[in-house]
Amino acid sequence: MATMVALRKSTGTISSGARSLLSFQRGFGTSDHGYTLPDLPYEYGALEPVISGEIMQLHHSKHHQAYVTGFNQAMEKLQEAHSKRDPQTIVQLQSLIKFNGGGHVNHSIFWQNLAPVKEGGGAPPEGSLASAIDKEFGSLENLKAKMMTGGAGVQGSGWVWLGLNKDLKKLIVETTANQDPLITKGLIPLLGIDVWEHAYYLQYKNVRPDYLKNIWKVVNWKDVSSRYEKHA
């Protein structure tokens with residue numbers, strides 16, 4: 001597969017941040033033509049009334065698809081530049097790889113982090129993750145408040161995350177700009193909330209805090225817990 005060959009051949013010549021991203025990407029689906037748009041685990045309208053079906057369809061089939069397409073194109077150009085031993089082009093491609101690859105990584109996590117209410121969306125975490133949240137933040141409500149404040153404070157476009165510092169075994173709330181993936185900050189992403197306008201504007205207009213308040217009703221804490229238990 002051309003894209004994966006490019007990934008393997010180029011890891012010694014790209015930046016450490018992009019290298020971390022590409023390493024992290026190995027867990028995501030590919031085909032003979034590169035990375036592919038993952039299917040949603042639910043119907044577009046399944047998260048209503050929290051997130052409308054129209055938003056979900058546009059967000060998934062248009063925006064996420066654009067990141068997948070852009071990432072595959074950037075990787076093909078990277079392979080070509082590497083074969084030509086063209087370091088200038090390789091360096092120039094770093095921002096495209098980070099932006100589009102990050103968009104693919106972030107959204108692939110985001111879809112799994114959500115679930116319809118009838119399938120457990122909004123049900124609070126249990127077990128080791130619940131204990132870790134209480135230990136680090138005092139309560140689940142405190143964590144939500146911290147993430148809502150962080151998400152509302154993102155200037156322009158970006159994400160707010162619950163991440164894990166694997167070395168310290170510590171939960172951390174962090175924000176990232178644009179499509180920067182959390183892995184580039186050395187943290188394992190557990191829960192990511194997209195605060196780009198395309199994630200909420202058709203429904204919530206410019207009132208991002210309302211979106212951040214309501215999205216907890218469809219957070220899939222089982223998925224978040226499985227990510228935590230995998231790395232804790």
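**Notes on the predicted model**

1. K169 sits in the loop between β3 and β4. (Helices and strands here are DSSP runs, H or I over at least four residues and E over at least two, numbered from the N terminus.) K169 is not a glycine, yet its phi is positive, at about 55°.

2. Some ground rules before you look further. This is a predicted model, with local features needing pLDDT of at least 70 and side-chain atom pairs counted only at pLDDT 80 or more, while totals for chains, interfaces and linings use all residues. Residues are numbered from 1 along each chain as its sequence is written, and side-chain values use heavy atoms, with hydrogens and water left out.

3. How confident is the prediction, in pLDDT, on average for the protein? The average is 90, and 86% of the residues score at least 70 (pLDDT is the predictor's per-residue confidence, from 0 to 100).

4. As for the overall build, the protein has 10 helices and 5 strands. Of its 232 residues, 48% are buried (under 20% relative accessible area with a 1.4 Å probe, protein chains only; over 50% is exposed, in between is partly exposed). Among contacts with a separation of 6 or more, 72% join residues 24 or more positions apart.

5. Now α3 (residues 53-83) against α5 (residues 94-112): they pack at an angle of about 140°, with axes 8 Å apart. That makes α3 oblique to α5. (Axes are fitted to C-alpha atoms over the stretch in contact, and angles run from 0 to 180 degrees between N-to-C directions; under 35 is roughly parallel, over 145 roughly antiparallel, 65 to 115 roughly perpendicular, the rest oblique.) On the α3 side, the contact residues include H59, H60, H64, Y67 and F71. Their counterparts on α5 include F99, N100, H104, H107 and W111.

6. Q94 belongs to α5. Is Q94 buried or exposed? Buried, with a relative accessible area of 14%.

7. Helix α10 (residues 221-231) has W221, D223, V224, S225, Y228 and H231 buried. What covers them? The cover includes helices α5, α6 (127-137) and α7 (140-152), along with strands β3 (158-165), β4 (170-177) and β5 (188-194).

8. One of those covering elements, α6, packs on α10 at an angle of about 85°, again with axes 8 Å apart. That makes α6 roughly perpendicular to α10. S128, L129, A132 and I133 of α6 make this contact with W221, V224, S225, Y228 and E229 of α10.

9. Two backbone details to check on screen. E48 and P49 are joined by a cis peptide bond, with omega about 5°; P49 lies in the loop between β2 (34-35) and α3. N178, in the loop between β4 and β5, has a positive phi of about 50° although it is not a glycine. N178 counts as partly exposed, at 38% relative accessibility.

Key:
Contact means heavy atoms within 4.5 Å.
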